[in-house]
Structure formats: C-alpha cells, structure tokens
Amino acid sequence: MGSLISELSELSGMLEKDVRQIAKSAPIRYKHYTIDKRNGGKRPIAQPAREVKILQKILIAHYLSDLPIHPAATAYEKGTSIRKNADKHSPSGAILKLDFKDFFPSFRFDDWLAFSVKHDLFEDNEDRILAGNLMFHQARGSSILRLAIGAPASPRLSNLLMYDFDRLVSELVATHTVIYTRYADDLTFSANRTGYLQPVEKIVRTILQELAFPKLKLNDQKRVLATKKYRRSVTGLILTNDDRVSIGRERKKLIRSMVDHYRKGLMNDEQKKKLKGLIAFARDVEPEFVSRLETKYGKDLIEAIRHI
C-alpha cells in the first residue's frame, strides 16, 4: 500500500500516517442532509469531510482523468452541457427517454474493484482498496459502500464505470439508426421514425442484465415516448419542430416578467441573482431570445442584469 499512500501524501501535503488514517475511516466521514427535488420529495446528500474531498480530487485529477469517457456521456465532463446533449437529438422526430433508479448509490465498491483490476489501475490490490475507501460512502445502517450524491469523485467515477454500457448501447441502437446520449441518469434516444425506437428498451434491459457491473435498474415510471406532435423535452430543454433547442415558453415568460420587475425596481437581491442566472442560461441555450430581450428592454438594462 506504500506507493499510493506516499503519493497522496506528497500531492496533498498531508503526513502519510494521516492519509492512512483518513482512508481507513473515509467511508463514514460524511455530512448528511437533504435538498428539495424539483417534482417534490427530498434528495439525500452525503458530503465528504474536507480532507476526504481533497484526496478524492487528487485521485480524480492524477489517476483517473486520462481514462476514456464514452462520447454518449454528456454530463460532468469538460465541454459537455445540457445544450449539447439536447442538440444531438434536435434533428430527429421521435424521442424515447429512460431513467435509472437511484443512480449514484447503485455504484458499489465491488464495481470499482472490478473496474480497477480490468484497467490495471494502481500497483496492487491494497492500493485499489485504499482508493475505493476514499471514493465510496457507507450510509448509515448499511455495510455496503456506494457512490454518494454530493461527493466530488462520484460524477467522474460514474461516467468511467458506465463506459461499457454506453459503448454497447450506442453500437446496438445505431444499427436501428437511433441516436443515444446519457446525461447522468437520463437516457435519451431519438430517431426519424417512432418505429425505429421499438427495439431500444429491450436492448437496454438486455445489456443491463448481461453486464458484470454496474448493476442498474430502470425507473419505469419515468419512461417517456414523444413525437413532434407533442412537447419534446430533453434534460429540461425543448426540441422545437424546426430542429432547434429552446428554453421553452414557460421560462421565457418567467424571464420577461422578471426583467419587467427589475426595470421597475421591484426585485430583492435574491431575485436579481436568480434573474442573472436565468439570462446566462438563456444566452447559452437560445441566444436569439436574449437578443430579443435587448431589443425590447434595451441592451444597457440586460447588460446591467448580467453584471449584478
């Protein structure tokens, strides 16, 4: 185990004995709280202690950053975004959306060990176990180590562990002229005709059954099939019938209303910051909408909001 311990010590500035002690207890060094879900309910968050975060970030940056992420994975990686994810489906007609249940917690310590052995990561198994202890969380009342929602290592590690799934799904659905992307736990498939999407769900379920890791399950309640006759949403963005990506009518209406309130001096600081974020989001996704705002309200006003 000496190799990884000494390297982490050198890279972090911590003493080797401290790195060893932190790694030993890392799975339980988490702060637990919940945040509201958009559609109701609470999402459990497990945030690692500061020293665990530091070592997780070192592991990702120095040991896992060069490993391949499949192009179908459009979350968490440099150069990816929800806009680019939606863009890939904008020319298509029909879309099928599938969703995983309990995405991050479905990745287990044993998945990491199998992955690290397969890719010959680290010099020996003790170092693989040490790295896994630093990146996986032990929930209260459980003996199983899982990825935590709220840990800096979880996004990158999930994409790495999903590489084989993403590759197999991409290759197999492409034979049916179907486009596939995955934004975290959201799977989107699109095609020119609805019939092309028929075999997709069976392909996905078969791959999930046959893969050695990870062991994931689909959330059947979140399955959506939509054509151009209906509102087609991909990772919160709208696919228009003229092959563009839009922030959607509801967001546009909200932004216009908030700009009007800002112009009249009717907003507090928190509302101003929210408006600033919404305009930045709109500029990234649908810049022509922001141009229309500038025409209606004046470029100086929109620039003032950008620099709040």
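Residues are numbered from 1 along each chain as its sequence is written. Because the model is predicted, local features need pLDDT of at least 70 and side-chain atom pairs count only at pLDDT 80 or more, while totals for chains, interfaces and linings use all residues, and side-chain values use heavy atoms, with hydrogens and water left out.

Begin by selecting Arg 43, Asp 99, Asp 185, Asp 186 and Lys 222, which are the closest to the centre of the largest pocket among the 42 residues that line it. A pocket here is an open set of points on a 1 Å grid over the protein atoms alone, with protein on both sides within 12 Å along at least five of seven lines, and a lining residue has an atom within 4 Å of a point. The volume of this largest pocket is about 1,600 Å³, where a volume is the space filled by probe spheres set on the points, and grid points are joined across faces, edges and corners. Next, colour strands S1 (30-36), S2 (42-48), S4 (137-138) and S7 (186-191) together with S3, as these are the elements that give two or more residues to the lining; S2 gives the most, with 5 residues. Helices (H or I, at least four residues) and strands (E, at least two) are DSSP runs, numbered from the N terminus. By class, the lining has 19 nonpolar, 10 polar and 13 charged residues, with Ala, Val, Leu, Ile, Met, Phe, Trp, Tyr, Cys and Pro counted as nonpolar, Asp, Glu, Lys and Arg as charged, and the others, Gly among them, as polar.

Move on to the second largest pocket, which holds about 270 Å³ of space, by selecting Arg 231, Ile 238, Leu 239, Thr 240 and Arg 249, the closest to its centre of the 16 residues in its lining. The elements that give two or more residues to this lining are S10 and helix H10 (249-263), and H10 gives the most, with 3 residues. Its lining comprises 3 nonpolar, 4 polar and 9 charged residues.

**The cavity**

The structure also holds 1 cavity of 30 Å³ or more, a cavity being a set of grid points where a 1.4 Å probe fits but cannot get out. To find it, select Leu 98, Asp 99, Glu 201, Arg 205, Leu 218, Asn 219, Asp 220 and Arg 223, which line it; strand S3 (94-99) and helix H9 (200-210) are the elements that give two or more residues to this lining. The lining has 2 nonpolar, 1 polar and 5 charged residues.

**Backbone details**

Most residues other than glycine have a negative phi, and most peptide bonds are trans. Select Phe 213 and Pro 214, which are joined by a cis peptide bond with omega of about -10°; Pro 214 lies in the loop between H9 and strand S8 (224-226). Then go to Tyr 76, whose phi is positive, near 80°, in the loop between helix H3 (50-64) and helix H4 (82-87). Tyr 76 counts as partly exposed at 41% relative accessibility, where buried means under 20% relative accessible area, exposed over 50%, and partly exposed in between (1.4 Å probe, protein chains only).

Thr 235, with a positive phi near 45°, is in the loop between strand S9 (232-234) and strand S10 (237-239), and is buried at 17%. Selecting these strands brings up an open antiparallel sheet of 3 strands in the order S9-S10-S11; S9 and strand S11 (245-246) stand at its edges with a single partner strand each, so one side of each is left without a neighbour in the sheet. Two strands pair if DSSP finds at least two bridges between them, and S9 and S10 pair over 3 bridges, with Arg 232 opposite Leu 239 in S10.

**Two helices**

Finish with helix H11 (residues 269-285), whose buried residues are Leu 275, Leu 278, Ile 279, Ala 282 and Val 285. They cover an arc of only 130° around the axis, which puts them on the same side of H11; the arc is that of the directions from the helix axis to the C-beta atoms. The face turned away from that buried side carries the exposed residues Asp 269, Glu 270 and Lys 273.

In helix H13 (residues 299-306), select the buried residues Leu 301, Ile 302 and Ile 305, which fall within an arc of 95° seen down the axis, so they line one face of the helix. Exposed Lys 299 and Asp 300 are carried on the face of H13 turned away from its buried side.
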